[in-house]
Amino acid sequence: MTEKTSRSARITPEEALAYHMEPRPGKYDIVASTPMATQRDLSLAYSPGVAVPVQAIADQPGTAYDYTTKGNMVAVVSNGTAILGLGNLGALASKPVMEGKAVLFKRFADVNAIDIELDTEDPEEIIQAVRLMGPTFGGVNLEDIKAPECFIIEQRLKEVMDIPVFHDDQHGTAVICAAGLLNALELSGKKIEEVKIVLNGAGAAGIACLELLKSMGVRHENCIMCDTKGVIWQGRTEGMNQWKSAHAVATEARTLEDAMRGADVFLGVSAKGAVTPEMVQSMADNPVIFAMANPDPEITPEEAHAVRPDAIVATGRSDYPNQVNNVLGFPYLFRGALDIHARAINDEMKIACARALAELAREDVPDEVAVAYGRKLQFGRDYIIPTPFDPRLIHVVPPAVARAGMETGVARRPIIDMEGYVQSLKARMDPTAAILQGIHARARQAQARMIFAEGDDPRVLRAAVAWQRGGMGQALVVGREHDVKEKLEAAGLGDAVREITVVNAANSRHLDAYHEYLYARLQRRGVDREDAHKLANRDRHVFASLMLAHGHGDGLVTGATRKNAHVLAQVGQVFDLRPQDGAVGITGVLLKGRIVLIGDTLVHEWPEPEDLADIATHGAAVARGLGLDPRVAFLSFSNFGYPVSERAIKMAEAPKVLDRRGVDFEYEGEMTVDVALNPESAARYPFSRLTGPANVLVVPARHSASISVKLLQEMAGATVIGPILTGVPQSIQICSTTSTVNDILNMAAISAGGLGATK
């Protein structure tokens, strides 16, 4: 019921610690959003210029939303008394979780968030501390605070603060649960006012679930709440508190088993195995079972369906359908609340969020969502809740929340142009995560035997282990067994040597076949039989390529230890990778919410117009493989013939080649990069055939492509994917020598997904 990964993705302690330590400790940085380069900039940022907005806010406090980050800033507050499934480990230990929550806010809804860990278990001290920080933030997200203190803290803060205060462990789970239940009841033909609900787990999340559902129409008398001591019935005194007592009902049931008989809905936020198949068997027709215990459900979908095939089952796990995941709720609730400068997040806003999520799940699912999820999605018993990777969430849920806030009077600044607001939300999201998620989802679906050619490099070994343990497929590592084992042990991954497959050229049973194949291929290029044998035996790039050529692997990733040109030449001993063979290198550059593909960054040294047209075609194919609608620009220092230059002529000729070929994507040129990417600059050329900013950039030569990519990477901090080797007969990808473990893993995923192969 919270943000968690698939059961199939095994994460080692070493990997988790490395993730949190590299490239810098922690999960986020603070970056200035205004210029800070000149003395004038600093004078505006601080003294004396800052005095002007200070006085404006003093005169009119509401303008703090105009002149500061308050309107897009959330405090993630915890004291560490109920950390995930780990319990009370204290404020300091909770910091990694709270940092994680902060980056989820940013990743999914572009909300800035700062984690604040308070070293106290005294509710009054927490209330006072958070209240005093109110001027800094537009909202407060309470997290991992144990019950019943969390109820006291949230309620008091709501009373004394004029910004939204939201305990996600309670209400986040409740909102997603409500969304899923609305659709489950729709499919089972039942009305919310009539269903009988049993809740097991009378903690913060369970109580919030029942309270929200009751505000949506569920009848009090139709709900039975259970805890570790059984049914909470009117008159019970053992283990009671005021929050449980509010949900006590008159009933003869005393155990969970009693309560489950004839129930329409089971909601579980308790413990693994709390529900038996016999309990499920006793439920009403078309039972709805939300087994949301973390990390293992009260009953698995397999166990429930074995006795009740008519059951609709949801869990908190990503490896089962219908995941109740809080990340579907809290980022978008706060996005909508912040954008109306809300004083609170009320029940109406939570209900609006739940209904928007439910309605989204009933709509046709875009192909890119299905790809990211790994299967075709269609509203039904196995798809009642949207996936967290649905890009529509950002522009569907916050407007619904904002409308509810405006209608209920908690908005300080109502949104006038709702359509404009929706468009602004669409523009907020950085496509990087969605694109990488799609690449990895396709790879996971392919389950490729991935050949990692450089088994003597610790980065490559760590990537191979991550591939194997991440459920991506089988990792085949080319190297010497004892060397691989030593390096894995040095990296703290000694046990992984039993999981990956180490392939040593010295004792491969396929060497004779590899020798003959290579000799037959190279004998007319001045290579004799002995040279071919030495190449196959001694060069790991050649040996790994021979493995791939003989079907002893499904994809190849190499290049982390040698320069691209050398690796390309060695792999080219086995495969046709020359410019005339159709090979092209396309690099993805992701920065500030935009992605552009630049080519050729790997193969063509000085392409002619026909080559440039080929590069454009391959770039368009890669764009489509990433879910983009390709728009190609041929770049130069000139725009449509001015200034005249011999070097720009070929860039102007390349579009004419595409004219003759009759390709099915947009293209234009020659043009400068600002005209290609900036709509205002492009407006000076109304005759341009591009309907929007270009996302595939074809540059005059390999050196200019390489310079462009590395300049953006070093100066602007762009994320770089590639170069993606495309137009080749097999799934081959070549990393750079500066690649990190994640870079190598991404390239392996690209190889497995077949993004560059023509086969």
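**Sheet and annotated binding sites**

Strands E1 and E3 pair in the parallel sense over four bridges, where strands (E, at least two residues) and helices (H or I, at least four residues) are DSSP runs numbered from the N terminus and two strands pair if DSSP finds at least two bridges between them. The model is predicted, so that local features need pLDDT of at least 70 and side-chain atom pairs count only at pLDDT 80 or more, while totals for chains, interfaces and linings use all residues. Residues are numbered from 1 along each chain as its sequence is written, and side-chain values use heavy atoms, with hydrogens and water left out.

Within the pairing of these strands, Val-140 in E3 is the bridge partner of Ala-75. Helix H14 (residues 330-339) packs on the sheet and touches E1, E3 and E4, its direction making about 160° with that of E3; axes are lines fitted to C-alpha atoms, for helices over the stretch in contact, and angles run from 0 to 180 degrees between N-to-C directions. The sheet is open and has four strands in the order E2-E1-E3-E4, with parallel pairing. Because strands E2 (112-117) and E4 (165-167) stand at the edges with a single partner strand each, one side of each is left without a neighbour in the sheet. From one strand to the next, the twist averages 25°.

An unreviewed UniProt entry annotates a "binding site" that covers, among others, Leu-86 and Asn-88; such annotations may be inferred rather than shown by experiment, their positions follow the numbering used here, and feature names are shortened. Leu-86 lies in the loop between strand E1 (73-78) and helix H5 (95-109), and Asn-88 lies in the loop between E1 and H5. Leu-86 is exposed, with a relative accessible area of 58%, whereas Asn-88 is partly exposed at 39% (buried means under 20%, exposed over 50%, partly exposed in between; 1.4 Å probe, protein chains only). Leaving aside neighbours within four places in sequence, Asn-88 is in contact (heavy atoms within 4.5 Å) with Gly-80, Thr-81 and Glu-121.

The unreviewed UniProt entry also lists Glu-143, Asp-144, Asp-169 and Asn-294 under "binding site". Glu-143 is found in the loop between strand E3 (139-142) and helix H7 (149-160) and is buried at 5% relative accessibility. Asp-169 lies in helix H8 (residues 168-188) and is likewise buried, with a relative accessible area of 16%. Beyond its neighbours within four places in sequence, Asp-169 is in contact with Glu-143, Asp-144, Ile-145 and Ala-205.
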